[in-house]
Every structure is written in structure tokens, then in C-alpha cells.
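Dear colleague,

I am passing the structure on to you below, together with some notes on what turned up in it. Please read them with the sequence and the 3D view open beside you.

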Number of protein chains: 2
Amino acid sequence: MVKKFRFNTPIDTEAVVEHIEISDIGEFPLALDCAEKLKLSFTLGESDMIFGLGETVRGINKRGWIYESWCSDETNHVEDKRSLYSAHNFIVVSGKKKFGIFVDYPSKIVWDLGYTEPDECVITLDKPEADIYYIDGETERDIIRQFRKIIGKSYIPPLWAFGYQQSCWGYSKQEDFINVRENHRKNNLPLDCIYMDIDYMDSFKDFTVNKKLFPDFKAFVKDMKEHDIHLIPIIDAGVKKETGYSVYDEGHEKGYFCTDENGAEFECGVWPGIVGLPDFLNPDVREWFGRQYKTLIDTGVDGFWNDMNEPAIFYSVKGLNKALEKLDKIRGREIGIWEFFETKDTMLGLQNSMEDYKSFYHNINGKRVCHKDVHNIYGAFMTKAAGEYFEKEYGKEKKLIFSRASYIGAHRISGIWFGDNSSRWSHILLNLKMLPGVNMCGFLYCGADLGGFGANVTRDLLLRWLALGVFTPLMRNHRALGTRAQEAYRFGDVKEFADVLAVRYRLIPYIYKTFRRCSEEDDMMFRPLAFDYPDDKIAREVEDQLMLGDECMIAPVYEQNKSGRNVYLPEDMTFVKLSGENVFKEVMKKGLHYVEIALNEVPLFIKRGKNIPLAKPALNTAQLDTENLENLL
Amino acid sequence: MVKKFRFNTPIDTEAVVEHIEISDIGEFPLALDCAEKLKLSFTLGESDMIFGLGETVRGINKRGWIYESWCSDETNHVEDKRSLYSAHNFIVVSGKKKFGIFVDYPSKIVWDLGYTEPDECVITLDKPEADIYYIDGETERDIIRQFRKIIGKSYIPPLWAFGYQQSCWGYSKQEDFINVRENHRKNNLPLDCIYMDIDYMDSFKDFTVNKKLFPDFKAFVKDMKEHDIHLIPIIDAGVKKETGYSVYDEGHEKGYFCTDENGAEFECGVWPGIVGLPDFLNPDVREWFGRQYKTLIDTGVDGFWNDMNEPAIFYSVKGLNKALEKLDKIRGREIGIWEFFETKDTMLGLQNSMEDYKSFYHNINGKRVCHKDVHNIYGAFMTKAAGEYFEKEYGKEKKLIFSRASYIGAHRISGIWFGDNSSRWSHILLNLKMLPGVNMCGFLYCGADLGGFGANVTRDLLLRWLALGVFTPLMRNHRALGTRAQEAYRFGDVKEFADVLAVRYRLIPYIYKTFRRCSEEDDMMFRPLAFDYPDDKIAREVEDQLMLGDECMIAPVYEQNKSGRNVYLPEDMTFVKLSGENVFKEVMKKGLHYVEIALNEVPLFIKRGKNIPLAKPALNTAQLDTENLENLL
């Protein structure tokens, strides 16, 4: 049962699509304090668990930390951070009493989930202006289904988006892309997509292509398509402020950019230099921005990734000038160490500063609204601009679109990726832990940068990570400029990489079918063991295995120098190792086991009485035979 | 058998104390390339493992990453870093062939241990000027014993240094310290030491005490001693450049500070503002600096921790001026994004910059030596200044001294702590993983900041971390200014903290005896399971349990929201849980087990036929009855 409570006059985030009667606040089932901020609080039983919050750091069980919903361009994904790129304001509390809470509020929310006091949860909103949904039910999965029902069906991308994808910030010339394609092909490595990071644009201008690098872009896209490769360009939120650049000119003329306190265009520095930030909260702006994608679609491109839309701000022009003034003051005299740090921090603090977010404005139905108050829906609304245009213009399931920043609601028209992680073993596990959280919030098409975006990969790290990526709907290998090359053909014994990638294609029919079912039935693809085995005390606490669909359990190796791992079977299962066309099977009893898993093997555990279909390996989805399948068991 | 090879004329690091004949380089057992740099290389078998490198990130098995010996003030201890505070240049390769390599070289060493190629190790020294020791033996432990024998016996601190210790950057006034003492006492929490971080000094000047905060420091120290509390002040490497400050004046007059390329004192900014860096490589300077500690010892203080001695440099005066010039160039004009980043990075790059390390000089026996070429022994020689003075003046085992930066050799006169970690669950495991590595290199008195230095702790994190700290010789709770308070009395149900700390005191006789034996017999206190169970394939790869002494195995809980953990028993053992005066025992068979461990319990596994003594709990070591012990089993 979903109950909706309204506090004052909230901004419409478009997260919920079902009409729900508003209940009387007097019936609100948690402790409330609306004096100044809005605070919801409740007590936890000793073994109560909390699930949700989507894309964040730390465990599947979110208890014991303080999180903040505040879309952040955060590159150091470590456990003491509080925010990443998205705001996924839904949790399920699982104790003797089970309930879900969705806080539909577009600004900062602090979730103290047993951080200050281990048994106390306090959820704090800056302002008492929100819709809060309280959902109870018999099981976690049932509560989540009810929630998913009110927020609408999850986005389904084209089938080819389930193929293996290669990306790199640094591919710039045509030859770079052709090399990637050819190296995959000649090494028998499947591939469906190659991503175009910011390098492809003309001076980082959205919807432009650098003509020097791509003299005939349309022909290039066509050539890649003929090789069954989809090119997926990036689009950033900020539009370069440059007279003569038609996108800027039109946006400027129509007053489509966010403004500063004086009503002038807010100016900040991002990749293209000084940009205007489109006011995506205005439907006219969304319509206009969505239409811009057509320029690239007309060249044959059929997928996009939206980036920098938290929005990430390297500096504002005002902020930089202030910082330079501050630096002036330390010139030529001896300074104390605190003054030194303060001055230095001024430069550091330029990036994504709250002061900047407080200093620009949106136009919502003619009302001027400070960005800070709607920060968390900005990226989602950028992606809606694209996604809604695609559906309207080209139909459902035709274009691939996913985003870095997101808010619940955007799951109906796009996927997400988990942002700028690093080549760290711990990030394999972080990737796994995020999956059920984002599924709960409706985001089914998702995945992390396999191999890691920042830092330098090792061969074994990439192989182990790919063996998890084999199961995630978005299976993309991506890295940052200046890091070690990590395409699957960059290391010795490429056959081992081909073995793992082949497994992906063998599983695509199963993954795709499961994905569609989860979208249609408002279900999760990936679930904590706790949801399926609520009475099994050990299973409830497992944080390094997940249930996948109704058939199986995944348990990847996520530590270096290990030839296997411990795995807990909450019931009798068949342990399967897939590698190329090889399948190893062993029936195992419920309980704790050590299993050996080689670098070229993908482990999987099939539940009693269940089975999954396998396709023949293929080099891309176009060649994949999705009809003639064999049973795994 | 230890073989010594000399390449050209190395600088004497004082790491090795035994005389060993120099072997002919032609007999060097690994591949060599001395063309320009010095490169040693060898191939690894598929299941070969590598142990050592002391204080570094990542696993017990160091295979699969590229490390750099370069003492670094590094605050983000994540797995993609290459260096921390110390240079511990000793590894043991464990395969069909087992051998150790000690690279006695005081500048940067790059250890590519299967990073570039999974089966290739390449060790690169900037210059071919080093002593390289090659040690073979039957077992890892035997190789390590041989190595430890040539580097001399490990430092043994006073018994009271094995008590529980509380520290905080931010305790400043006398009352802060008294509060800590009284809060421990009234909550039945044992305590032996309270640390004084930089706040106690007068303007961060070494060997001074702020008279406003401590009007009668001697009386204060005496009062604390009467309560059986030792005060342990910090000493930083840099000496404030201030005329009238006697330490600086004497150092300046005698030319004891490092110089720049023109022979003037090298000036850099650290806590006190502009400092001179004492040239610890000069024995006269060491003698002089060591003598300065007497000022504080005469007040009754009997322990110190040496910090910032990598040396950490916030900025050099020259570097800062250059950065300000660069900033000038972007003023008042539109800049490209790369130019913005480059300018911003100039400010960021001021800290611990290689350019600065290249720009100052030492005087070694009248020879001018660039700091870069001896960087890795700087901190160790600072600590030698103290340790050697203490031994000479007060005798062995009288004073507590440990350091942040270190090099092998300093283990004879001091301990180390593992630097500025964070309140992260992953850092419990990192703490555990470092222990065998630093033991191999001779550092027995060691430990990490329990609860974590940076970031914010949670109650459960602290309890779990303390339950590991119970076994480390240095058991210190320490945190940074501005982080959440983490003294053991700061959270609800203090009894649980008292339960864990009581276990420490019950174990002190065992830990101290084991420690002494390991020092006397050149043995390790903490060993990887791989050393003790070389034929057990699962045990060899265990990275979250350690053998302690010859009697037991430790396996702490290091994940949040877990009521227990998986543990692998390489032989039948007795599982013990200690909590306050309670002891739970259960005999368990060899193999994989899940064991429940509550937040107030310390798990321990006793080998068949072994036993360990337990003391009665005590509130400090002065009150500890080390005579009347009972057997645990």
C-alpha cells in the first residue's frame, strides 16, 4: 500500500506517474519535525537492514553511514564519501516491520542511517517542501514492485546495447576507432559499440563533429555500421558560449540558459571553456535541446551518453576571479600555514562549489528558482530532453541513451552508468553492490566502467571485472585519458579475454529476456540474497553475491592473486563455470564452499529446478542467433 | 645464504650491520641491466607469490602491481597508489625457487612486480649505485631470518608502550588531556598513553611547549604520570626559521640545515610556516638534534613520535612564487580548459613536489649530495638522531620512539606507525595486510591509527578495528582535526569498548613475550598463512587472516553490518572469543567455517597443542599483574 504525503508546495520532479490521493500528514507513520527543515526519523531494531539509495558508495545494506542526495562529479569513489552522481531517494527498511520511503525532493537530502546513533535514522531535507511516499508490504520485493509501479516502466534500449562495448577518453581520429574495431575482430573479440568521448567534437561543442578528425562523418558512421559497430557519442550539459555556434546562438536568443542573480547568463568553465547551462527545467528548453540530437542521428548515430550533467562545474567566472584576488593577498609576504591552506583550498574549491550552485537560477513556469533547490533533477531533465525526443520521434527501444547524473523518473527514458570509478579491485565489488540499489530505483540499464575509468588497470583486474560485467545490461570497458590502455586485446593471451566475452554473447538471450521481464513486471534483475532468503541469517548479510533473475546467483572473484573464492549457497545449487564454449557443472549443497575460478572463467550458480538458455557465441548481436538456444543444464 | 653485490659507490644507508664480503657481479643470480639505470629482472612461475615491501598499499602478496620506494606524505591510501611513507626495499619471492632481495639504495626504486607483464618482475633504480643482497633459503621464514640477522635486532620499547593509547590532532589545552584520562577512568577503559599532536607546541616549534596552554608543563607531566599516563609529544622534521628560537639559531649558526643550489638555507613551508630542514645525514646534526629531545625528557616525558619526516613539504618559497606568477597569466582573460587545469594543478603540485626534492642538498662527509638521491633515508636518519641519543643517554628499552617515514635500519632504534589512514572499513584490512610486510623488514613495534585518522568513524568501525588493534604492538586510537570524535567513551554502551580493551591487557604478557622473542630471534610476529602452510593451496592465498607467533591465528571482522565472518582453518584449531573476562571456546576442524563474532568480542584461533597465557584485566600496564597468569585453554 502506497501512501503519499505532501509538505507545502513541492516542485514537480516528474518522478511519479500514477495518481495517488494525498493522505493527511497526521497519518504520517514516522516521527516528523517540520519546524524549519523537514526531518523524518525512526528507530531500527538490532538486526534491521536498509536497502536502496541507488548509486552510492558502501554496502548493499546501507545501515551505518550518512549519505547525501546531491548529484556530484566525484572521482574518488571511497567509502567515506557521501554522494555520487545521482539522487536515488528511495530506501526499504527490512526488519520485523518492512517499509519503503521515497522522498520526492529535488534538493539536498541527508540520510543519517544509523551513523550518529546506530539505532536511529534521521532523514533531513533543507526545506519542508516535498512529496513523501510511504509504502508497506509483506516482502522487500513486494514493496519495491509497488514503488516501481508508481514511477512507471523502466527504459528498454535496443538489443544491440546488450553487446560488448569499448570506450576510451582519448580515441580521437577515425583511425583510432577503426583500430579498435579491427583489433577486436582479428582477436576474435566480440564488439557492438565504440564510444566517442569529448575528443570527437569541435572544441567540445555539443552536437558538432571535428571536421579535421572526421572529414566525412556520415560515411564513417555508415562504414562502422556495415561492420556492425554502433558509434555512441557523448553529449555534455554545458553549451559553449560562442557567437556563430548555432546551438548557443539559438539558446541565447531565446533565453534558454540559466541566469545569474542579475538575470544575465550564468557563466562557468567546463570542457569547452565558458559555457551556458541550458535550463532543462523549462519544457521549451528540453524540446529545443532534444531536437539538437537530430544533427547526429541524421548521420546514422543511434545512441548517446549524457555527461557532466550534475552539472559539473570546473569553475565559475566569478569564483575564479575571487580566487585570484585571494591569491594576490599572499604575494610577497610571509604567510602562516593556515592562510596558505585557505588560499590553496580556494583554488581547489572552485570545482562544483555550493556557492556557485546557489548563484544561478531556473525559470519554472515563469517562476525564478535557485539552482540549489532543484539541483538533483538537472541531469535527469537533460536526459529527459533526449529520451523523450527519441521516443516521440523514433519510437520506443530505438535509441540507446544513458546518463551520468540521474533522478528517479529518468529511468523511464534512459539508463545510467556508475560514473568515474577507478581501476581498483574494490570497485569490482562496489559495482556489484550498486546493482540492486539502482534496480530498486527503476534503473535497469546500467553498469560500471569495466576495468576502471581512472588509474591503471592490470590484466587480471580487467578479466575479473569483465566476468562480472558479463551479467550487467550495460557491458562497457571505459578508461580515462592518460591511464593504461585496457582494450581486451592489449594484454598477452587474448584468448582468455575472448573466452569471457564469448560468455556474454551466449547469455544475451537470457539477460535480455530477464531485463524485459523486469521492466514489464516492475521487478529487479539483481537482488540481495537477503530478499530471497530472509530467514537465512548468513545469506541476509552476504555483500559479495547477488541473485540474478529468478534462476541464478552470481559471485564474481574480486580480489587479486586469487584462484578462487568463498561462496555461500543459501540452498542447493549447480555451480557452473562458463568459458568460451566450455561449460563446467557441479551440483553443490547449501552452505559455505571454496570454489576455484580461473581468469578466463565466469562463475554462475543455478537454483534447483531452474535452467537458463545459452546461445552460440557470436562476434556481435547482429550475428547472434537468438532463436536456436540450448539449455545450460 | 646472503650474497652481497655492490654497484659503483653507494651511499651508506646504515641499513646493514653485519660485514658481508662483496661477491663478484658476474655471479649475480638475476638478469641485470646497468647501462644507465640499474635494472634487475626475473620471471615468475604461474603460482609464485611475492612478499615484502613493508608499509605499502594492496595485498600481502605484492604480485600484480607497480610500487615505488619513495617516502611520501600520502593521505589517500587507496590501492592505485604506489608509495606510502616508508621505503622498505625487501621482498621474498616464493615459488619453486625461494629467494629474497634487499635493494639498499636511498633514492627512488620502481618495483614492477608483474604489473606490466604478469610473469615478469623488473626492479629499477634511477642510478646504478647500490648494494644489492640476494638471499636464498629453504623457507620464506628462513630467508627472512637471514635478512633480519644482517640488519640487526629490532627495537624494543618499554612495556608500557604495549598499553592502550589515545591520540587526537586537536587536543590542545591541559584540560583536554585530563578529560581524556578521566573519561577513560570513569568508564573503566584502560589507558597508558595520551599523545600530544602539533597543538602543544609554541607556534609549531620543535621542542617548545605553549606556555599559555601549559603554564607548568613539568607539573602537568608529573600529574599525568601519577595517574599512570605517559604523555607522548610529536616532533616534526622541519625547524621554524625564527631568529631568537634557540634550536633554529644554533642550527643556523652551525650550518646544520639543508641548502639550496646557491648554498643558502633551503626554505619551505610546513606547519610552523617557513622552516629549515636539518641535514640529518650529517652525524653532527643528528647528535645535535637528538640532544634537543632532552628539553622535553627533562620535564618527565618518556616517549616521542617523529612526523613529517619524508620530509613532507607543503610548499617551497620558490615554488609558491612560481605558482603565483603562473596564476597572474590567466588573470582577466578567457582561458582554455587545459590552461585552467594546468594553472590549478600548479597550486596542487606545490605539495611534496619532485622539483623541490631535486633542489636542496645535504652535506655527506663534506660532499654535497642532492636530496633526491638520499630522499628515502631522511626520515629514518631523523629518527636515528632521537633513537641513538635515547639509547646512549638513557639505555635500551627506556624511551618510546616511533616514526612516520622510515628505511630499514631505523627498525633497530624505533617503531613506525602506518601514517594518515582513514576511517574506512577497507583500512582495517589494509592494517592487517601491512603487518607481515613491515615485520619482514625488521619493524616489530608498529600499528595503524585505530578508528582511522582522516574521515569520520562509526561506532562499529572503531570496535571492529580495536579488535584487530588488540594484537598489534602499537595500539593507538588517533584521528585528525575536524573528524568525528572517536575516543572509546564517545559512543553508547561503553561497556562494549571496555570489553575489547580489557582483552588487550589480558594479552599483553603474551604479546610482549612474543614481541621480545621475535626481536631476539629475528623472527616475525605476524606471518601470512602461506609461510606456515606452503602446501595448502587455499591457505597460501588467504589475505584476511594472519599467523601470530607460533601459537595462534587472527581473523578480525572487517566489514560493516556483519555479525561474523568466513574463516579458513589450515589445521584443526580452537576458536576462541575473548570479551572482558569472558572466554568462549570451540574446537574446530580444518576447513572453511562461518563464525559469529559480536562487536564486543575479539576472535582468536589457537593451534593444536598450543596455549597462550592470559593476565587479569587491568586499567594500565602499571597495574597489570604479569606474574599470575592463567592458561587460555
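How many salt bridges does the rule find across the interface of chain A and chain B? It finds 6 across that interface, where a salt bridge is a side-chain nitrogen of Lys or Arg within 4 Å of a carboxyl oxygen of Asp or Glu. The side chains of A:Glu596 and B:Lys537 also meet in a salt bridge, at 3.2 Å from N to O.

Before going further, please keep in mind that this is a predicted model, in which local features need pLDDT of at least 70 and side-chain atom pairs count only at pLDDT 80 or more, while totals for chains, interfaces and linings use all residues. Residues are numbered from 1 along each chain as its sequence is written, chains are lettered from A and ligands numbered from 1 in the order in which they are written, and side-chain values use heavy atoms, with hydrogens and water left out.

The interface

The size of an interface is often given as the accessible area lost when the parts come together. Between chain A and chain B the buried area (the accessible area, with a 1.4 Å probe, that two parts lose on being put together, summed over both) is about 5,800 Å², and carbon and sulfur atoms give 56% of it. On the side of chain A, the residues A:Ile337, A:Glu541 and A:Asn561 supply 10% of the area that this chain buries against chain B, more than any other three residues. Counted by contact (heavy atoms within 4.5 Å), 65 residues of chain A meet 63 residues of chain B.

Helix packing

Helices (H or I, at least four residues) and strands (E, at least two) are DSSP runs, numbered from the N terminus. Axes are lines fitted to C-alpha atoms, for helices over the stretch in contact, and angles run from 0 to 180 degrees between N-to-C directions.

In chain B, the axes of helix H4 (residues 246-253) and helix H5 (residues 283-297) come within 12 Å and cross at roughly 165°. H4(B) and H5(B) are therefore roughly antiparallel, given that angles under 35 degrees count as roughly parallel, over 145 as roughly antiparallel, 65 to 115 as roughly perpendicular and the rest as oblique. The contact joins B:Val247, B:Glu250 and B:Gly251 of H4(B) to B:Trp288, B:Arg291 and B:Gln292 of H5(B).

In chain A, the axes of helix H4 (residues 246-253) and helix H5 (residues 283-292) come within 12 Å and cross at roughly 170°, which makes H4(A) roughly antiparallel to H5(A). Here A:Val247, A:Glu250 and A:Gly251 of H4(A) are in contact with A:Trp288, A:Arg291 and A:Gln292 of H5(A).

H5(A) also packs against helix H10 (residues 375-394) of chain A, their axes coming within 8 Å and crossing at roughly 65°, so that H5(A) and H10(A) are roughly perpendicular to each other. Among the residues in this contact are A:Phe289 of H5(A) and A:Phe381 of H10(A).

Backbone details

Most residues other than glycine have a negative phi, and most peptide bonds are trans. The peptide bond from A:Glu310 to A:Pro311 is cis, with omega near -5°, and A:Pro311 sits in the loop between strand E18 (303-307) and strand E19 (315-316) of chain A. In chain B, the bond from B:Glu310 to B:Pro311 is cis, with omega near -5°, and B:Pro311 lies in the loop between strand E20 (303-307) and strand E21 (315-316). Finally, B:Glu14 has a positive phi, near 65°, and is located in the loop between strand E1 (2-7) and strand E2 (22-23) of chain B.
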